[in-house]
Amino acid sequence: MDQESSLLARNDKETFLAATALRFAAWSERWFPDAFVFAAIAVIVVAIAAMVNGAPFHLVARSFGDGFWSLIPFTMQQVMVAISGYIIASSPPAARLIDKIASLPRSGRSAIAFIAIVTMLLSLINWALSLIFGGLLARAMAQRSDLEMDYRAAGAAAYLGLGCTWALGLSSSAAQLQANAEAMPKSLLQITGVIPFKQTIFLWQSGAMLGVLMIVSALIAFWSAPSGKRAVTAAMMGVDVTTRVAPLPPRERPGEWLEYSPLLTVLLFSLGAGWLAQEFAAKDPVLAISNLNTYNFALLMLGLLLHWRPKSFLNAAAKAVPATVGILMQFPLYGGVTAIMTAAAGSQGHSLALRLAEFFASINTKETFPVVMGLYSAALGFFIPSGGGKWVLEAPYVMQAANELKVHLGWAVQIYNSAEALPNLINPFFMLPLLGVLGVKARDVVGFTALQLTFHLPIVLFLLWALAGTLAYAPPVIP
């Protein structure tokens with residue numbers, strides 16, 4: 001029996017749900033196109049819908065072109081979110097920390113639950129940081145023969161930050177966009193106004209949801225992990241987990257001296273730390289960190305310091321860049337889609353966004369809005385796996401509907417954030433950086449993440465509905 005057949009035989013012993021999810025993951029990996037294709041399809045569908053709504057072709061085309069570059073600041077900010085997280089996670093101090101904490105768990109199951117908790121906590125700071133750090137932690141634990149840790153379940157646990165909690169933290173694309181007027185499309189700003197972090201990720205209701213999800217996710221990760229002879233280790237999968245990031249090669253030219261010297265690092269970090277100290281002293285810390293430029297600046301300065309030598313810092317940045325291609329190529333399309341929806345007016349001067357808002361409001365009440373929006377956002381998220389890009393597409397009409405139904409606008413953002421993460425649990429798109437670190441395929445881990453999804457979906461929808469009743473609507477604050 002070859003290696004793949006052996007692994008499939010082991011999978012047959014797992015739950016029916018996990019086995020079904022593994023087959024689905026194999027199908028989606030084979031047949032699902034790149035996410036760029038879905039973004040392009042969204043452009044075409046929205047353009048046709050706008051013309052059906054009565055907008056002439058020349059106005060639709062004009063709106064598309066005008067909106068294409070409207071998200072450039074936000075696009076670059078999201079690119080820097082991904083790069084800075086990778087830089088920090090791949091730094092030498094992070095590697096030493098990983099080696100230290102990898103020795104803490106005493107069993108394979110506790111190791112998997114530990115990975116889940118660590119990655120979910122890190123995702124609240126930066127989603128890319130949680131992915132890379134979690135993957136490296138799983139590799140480090142897989143080196144311990146005494147754990148008998150199922151490598152597939154460990155990989156799934158390393159993904160729970162992005163699959164469960166990241167959108168409830170500081171790197172939430174939707175919350176960051178809504179808190180920054182200069183990054184928002186003007187058409188969206190007129191609908192929602194500025195919504196600070198205090199009204200989104202720092203709501204106590206958001207914290208309550210986060211706490212429930214972390215506890216449930218860790219328990220599922222623990223109890224669903226195969227143990228003993230049923231555990232499929234990294235060695236059984238043919239994955240060499242002993243490989244390490246190669247150290248910097250020796251300096252060869254005199255001109256490389258500054259690239260290897262910490263002198264520039266210390267000077268740059270000193271300047272950056274001085275600016276950050278003034279920024280946080282002059283502003284409410286919550287408002288300061290809600291500025292994407294400040295957030296990214298702080299993470300980059302920390303990454304620079306952790307790598308110590310400019311050469312190491314630049315090498316890490318270069319390795320992070322390929323993971324940002326999807327953001328760079330898709331976000332302009334989403335900007336064009338948003339412009340078509342809001343600016344290409346049809347019959348009676350009504351835009352497509354307004355029509356959709358009217359429809360969304362007509363099928364909802366204030367009480368049903370959280371559940372319906374949650375289901376809609378989760379379903380759409382499977383086909384458009386981009387938290388920030390999809391929000392720009394979805395926000396104009398769902399937030400207008402929230403205004404009409406008198407739903408708390410900050411909680412509407414959190415409804416989106418909580419539901420948007422759900423399809424990540426079975427969509428291979430954002431798994432790619434993690435899979436590269438782990439050396440496995442999507443079908444190896446999706447069986448376990450799909451099991452998480454079956455529990456998360458009803459829990460998230462219930463909490464979105466129940467907690468919405470504790471918040472009162474306030475009109476948008478437009479600067």
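1. Aspartate 150 is buried, since its relative accessibility is 0%. This is a predicted model, and the values below should be read that way. Aspartate 150 has a charged partner: it forms a salt bridge with arginine 152. The closest N and O atoms of aspartate 150 and arginine 152 are 2.8 Å apart. Is arginine 152 buried or exposed? Arginine 152 is buried, because its relative accessibility is 4% and buried means under 20%.

2. How many salt bridges are there in the count? The count comes to five salt bridges. One of them joins glutamate 259 and lysine 311, with the closest N and O atoms 3.7 Å apart. This pair links distant parts of the chain. Glutamate 259 is partly exposed, at 28% relative accessible area. Lysine 311 is partly exposed too, at 23%.

3. Another salt bridge brings together the side chains of lysine 283 and glutamate 279. The N to O distance here is 2.6 Å. Lysine 283 has a relative accessible area of 39%, so it is partly exposed. Glutamate 279 has 14%, so it is buried.

4. Which residues make the nonpolar patch? They are Phe36, Trp69, Ile72, Met76, Val325, Leu328 and Met329. The patch covers about 650 Å². Two elements give two or more residues to it: helix H5 (72–89) and helix H19 (325–343). H19 gives the most, with three residues.

5. Pick out phenylalanine 36 from that patch. Phenylalanine 36 belongs to helix H3 (residues 35–52). Its relative accessibility is 35%, so phenylalanine 36 counts as partly exposed. A patch residue must have over 30% relative accessible area, and phenylalanine 36 has 35%.

6. Next, helix packing. The axes of helix H8 (residues 127–142) and helix H9 (residues 151–158) come within 8 Å. They cross at roughly 155°. That angle makes H8 roughly antiparallel to H9, because angles over 145 degrees count as roughly antiparallel. The crossing of H8 and H9 is right-handed.

7. Helix H13 (residues 204–224) and helix H25 (residues 442–468) have axes that come within 10 Å. The crossing angle is roughly 155°. H13 is therefore roughly antiparallel to H25. What is the hand of the crossing where H13 passes H25? H13 passes H25 in a right-handed crossing.

8. Lysine 100 and alanine 140 are 40 residues apart in sequence. Their C-alpha atoms are 9.6 Å apart. Lysine 100 is in helix H6 (residues 92–101). Lysine 100 is exposed, because its relative accessible area is 63% and the cut-off for exposed is over 50%.

9. Serine 173 gives another such case. Along the chain, serine 173 and valine 392 are 219 residues apart. Where does serine 173 lie? Serine 173 lies in helix H11 (residues 173–179). Its relative accessible area is 5%, so serine 173 is buried.

10. Check the backbone as well. Most residues other than glycine have a negative phi. Tryptophan 308 is not a glycine, yet its phi is positive, about 70°. Tryptophan 308 is in the loop between helix H17 (292–307) and helix H18 (310–320). With a relative accessible area of 36%, tryptophan 308 is partly exposed.

11. Lysine 406 also has a positive phi, near 65°, and is a residue other than glycine. Where is lysine 406 found? Lysine 406 is found in the loop between helix H22 (387–405) and helix H23 (409–420). Lysine 406 counts as partly exposed, because its relative accessibility is 44%.

Definitions and conventions. Residues numbered from 1 in each chain as written. Predicted model: local features only at pLDDT ≥ 70, side-chain atom pairs only at ≥ 80, totals over all residues. Heavy atoms only, no water. Patch = residues over 30% accessible without salt bridge, like charges linked within 9 Å, V, L, I, M, F, W, Y side chains within 5 Å. Areas by Shrake-Rupley, 256 points an atom, 1.4 Å probe, with all protein chains shown as cover. Salt bridge = Lys/Arg side-chain N within 4 Å of Asp/Glu carboxyl O. Helix = DSSP H or I, 4+ residues; strand = E, 2+ residues; numbered from the N terminus. Buried < 20%, exposed > 50% of the residue type's maximum accessible area, 1.4 Å probe, protein only. Axes fitted to C-alpha atoms, helices over the stretch in contact; angles between N-to-C directions. Parallel < 35°, antiparallel > 145°, perpendicular 65-115°, else oblique. Left-handed = near helix turned anticlockwise from the far one by under 90°.
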